[in-house]
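Trainee: Could you take me through the core of this model, and then through whatever connects to it? I am new to it, so please spell out the terms.

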Amino acid sequence: MKVIKFFSTKSIIIIGAAILIAYLGLILTVTHFGQSKLQKSQVNVLQLEVSQYVKTIEFILSVSQQYVIDLEDDKTVSTFFANLHSGMSMEYGLGSSLTNLQRQLGSFVVNSQLDEHKIFNRVVLIDLSGNAIADTHTDLFFDKANISKEKSLEQQSEIFVVEGSNGLKIQLHKTVFHQRKPVGVFVADLNLHLVINQLKLQNTADRHSRLQLTAPNGKSLLIWDSISSDNKNNLTLKPELANNIAIDNEIAGVDLYLESWFEPIFDQDILTSSNFTLILSFLAIPLLFGLYYLLKIDKSNTILRTQINVSVEEQDKLSQQNVLLEREIKRRKQSESQLAYQATHDELTGLVNRNVSHTYLSQTIQQSQINNTQILVMFIDLDNFKKINDTLGHAAGDDILKMASRRLLDTVYETDMVARLGGDEFLLIAQSQMNIGRATDLATKILSIFDEPFIVNDFEFFITASIGMSMYPMDGYDPETLLKNADMALYRVKDSGRNDFSFYDSSLNESLLQSVLLDKRLRLAINNNDIEMYYQPIIDLKSGNIVAAEALMRWHDNELGFVAPDIFIPLAEKNGLIHQLGELALLQACYNTAEWQEITPINIAVNFSSVQFRYCNALLEKIETALNESQLPADKLTIEITESLLIDHNKDLLNMLNKVDKLGIGLSIDDFGVGYSSLSYLQKFPFSKLKIDKAFMDGLQTNAANRSLVTAIFAMANALNLKVIAEGIEEPYQAKYLADMKCEFGQGYLFSKAVTADEFKQLLLKDKQHPLGLVI
């Protein structure tokens, strides 16, 4: 009874009220605490967002900087500066390099993208004086006031914030180096729309805010402004959210910061009001009951929902697998179609390839056997096509091949077949009422299509063609024989001067086989070092002593016997072996002459082919290498060149010969008087000697005209301060006559024939005791 009395109705009400008040107080405290945490969390989120914006800008600047750095290593850029510093003119290749560079910069601006947005608006390549070399927007004004030559020399890459005509502008400067020396600067304008777009992609929240990039001079770039007009006056810059872009100098080094504003975050009154707390308290009981019944109902439907979800997932997987299967089938069909086309066609020109042409020829022969008709097999080769590749590059060569293919297709009938065999070689197979006359007309017509120039990169090129033909059944009954005979006919055209056509002749076999054998044996001789150096003494006509020698190549083949130099040297010039032969001759002559210096200070003269001077820089390096390796003093080497090389000389040849002269190497004109003798090149080139050809020595005693010409040559040589060497001296009278004409040096059988290195060494030893020449 006491317990019941203690817990009276009044007490129960007071306890219940206390509990309720405590419950409501707890809810209020928790609500306020949660609201405070929510505000701090929102502030932290805003700070993280602004920090992420900063990192995004840093990333864009880093990617942009790397793109410009990679552009410096582009082959087109290095090729342009290499050609520029080599002294190449706009006419001979520099213009093409500049066009390729301009095209590459345009492609760079188009292809440099981030999320399908261009990274750069404009790229300009300038020299160290600030003058534009190449510009992707030549129609726009380029302000070079922001370019610092001193900074370009000190730093390789830097980012600048400048004021453009339309406001704030970010520029990336990258110094271009060639041979470790600065030669120019890439100036790239960053696409600010890319920065704005990237930041907008990250702003997925609905909160109202404003973001802008600001430079130290106060100029700014607005990113976005979603602040409502009603809150403009209440807008305050939150100091904790005003973030400077903290970019390390090693990444960007740009003086720029990010400013951000956000509308104030107001407390939601309903969440902290007493009414809301009271409503929550009363709603707690029915909510609990409602939750109980909801859980009970949900439990009964769990199995059904699970089964439905599993069925939907299986259907989605099956649908995705069907889509992937369809894509794979489509991809394989396209791949098979492409492979089938590539297997039968030339990728560059679209013409059928070698395999298809041989199959077609076999089928055509079978039809001709039934119909008793003739077939024309025509090999077409573009003359001197390699020069185009060497001059303009393979891209220009490919354009010419495609244009030549179209011209050939437009010339022949639809029933004829044109194939590309590879390189600059084409094959034509024609059978429409074919005979010798029609074949001749067709060959003439094809030669005429090359009369029109080929225009590549605004340059005109005139190209000729050589054509070799064979006829079925006169020249063969199978594809292999017809193709071989057409190739031999083509070889004869090339050998006789090109730009012509020829039918197969059975007499070609023997000469072609002999030429092929000679080519094969020459290559083998070079590989086995069978080419031997002989030396013919050059005599001081006044003292009679040996003062120099001319290095001459001799070849004794096991199968062919002795092969004269006037046979294998032209062959080597034609097939490209002359560079190996020349290098072997130069190196061996330098080594032998360096050894002979211990006996007497003797000079060596080495003949150079005009073909070797097509690559002047490479030839100069080989000469310097031979002197360094053999330790032969440069003034003991004389380079002999023919007059024909000087007629169509270019700037590279003149520069190379001047460098040779500065090294102390002597320069001599070989066989003077039988070519295109001219005082103009004698004055232009740094020659020190000239050699009178043997033809002037023949009949010197009886032919007054020869004596007059020799006298004129000596007068010209004396006027130009050139030493004279007379070759082909075989009679004492010739030696005496030349000595009377004040000729300094002579060589010929009167003194000695060309001998081996060992024999020449013995001549030098004997010459110290008894001069080899006749003292006049």
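Mentor: A nonpolar core is a set of buried Ala, Val, Leu, Ile, Met, Phe, Trp, Tyr and Cys residues joined through side-chain atoms within 4.5 Å. Buried means under 20% relative accessible area, exposed over 50%, partly exposed in between (1.4 Å probe, protein chains only). This is a predicted model: local features need pLDDT of at least 70, side-chain atom pairs count only at pLDDT 80 or more, and totals for chains, interfaces and linings use all residues. Residues are numbered from 1 along each chain as its sequence is written, and side-chain values use heavy atoms, without hydrogens or water.

Start with the largest nonpolar core. It holds 81 residues, and Tyr535, Ile623 and Phe760 have the most contacts inside it. Helix α16 (residues 578–596) is the biggest giver, with 7 residues. Helices (H or I, at least four residues) and strands (E, at least two) are DSSP runs, numbered from the N terminus.

Look at Ile623 up close. Beyond its neighbours within four places in sequence, Ile623 is in contact (heavy atoms within 4.5 Å) with Leu586, Phe608, Leu637, Ile639, Met656 and Ile665. There is also a second, separate core. It has 47 residues, among them Ile119, Ile170, Val176 and Leu221.

Now go to strand β25 (residues 723–727). It is largely enclosed by the rest of the structure, because 4 of its 5 residues are buried. Its partners come on either hand of the chain. Strand β24 (residues 689–692) pairs with β25 in the parallel sense over 4 bridges; two strands pair if DSSP finds at least two bridges between them. Here Lys691 stands opposite Ile725 in β25. Strand β26 (residues 745–747) also runs parallel to β25, joined by 3 bridges. Here Glu727 stands opposite Gln747 in β26.

Helices link these strands. From β25 the chain crosses through helix α22 (residues 732–740) to β26, in a right-handed β-α-β crossover. Right-handed means that, with the strands pointing away from the viewer, the path from the first strand over the helix to the second runs clockwise. β24, helix α21 (residues 704–719) and β25 also make a right-handed β-α-β unit.

Lys691 is buried, with a relative accessible area of 0%. Its side chain makes a polar contact with the side chain of Glu640 (2.8 Å). It makes another with the side chain of Glu550 (3.1 Å). A polar contact is a pair of N or O atoms within 3.5 Å; within protein, one must be able to donate a hydrogen and the other to accept it, and residues adjacent in sequence count only if both atoms are side-chain atoms. Not counting residues up to four places away in sequence, Lys691 touches Ser668, Ile669, Asp670, Asp671 and Phe672, among others. Its contacts also include Ile725, Glu727 and Gln747.

Phe562 is partly exposed, at 46% relative accessible area. Leaving aside neighbours within four places in sequence, Phe562 is in contact with Arg554, Trp555 and His556.

Finish with an open sheet. Its 5 strands run in the order β4-β3-β7-β6-β5, with antiparallel pairing. β4 (132–135) and β5 (157–164) stand at the edges with a single partner strand each, so one side of each has no neighbour in the sheet. Strand β3 (residues 120–126) and strand β7 (residues 181–190) run antiparallel, joined by 6 bridges. In that pair, Phe120 stands opposite Leu190 in β7.
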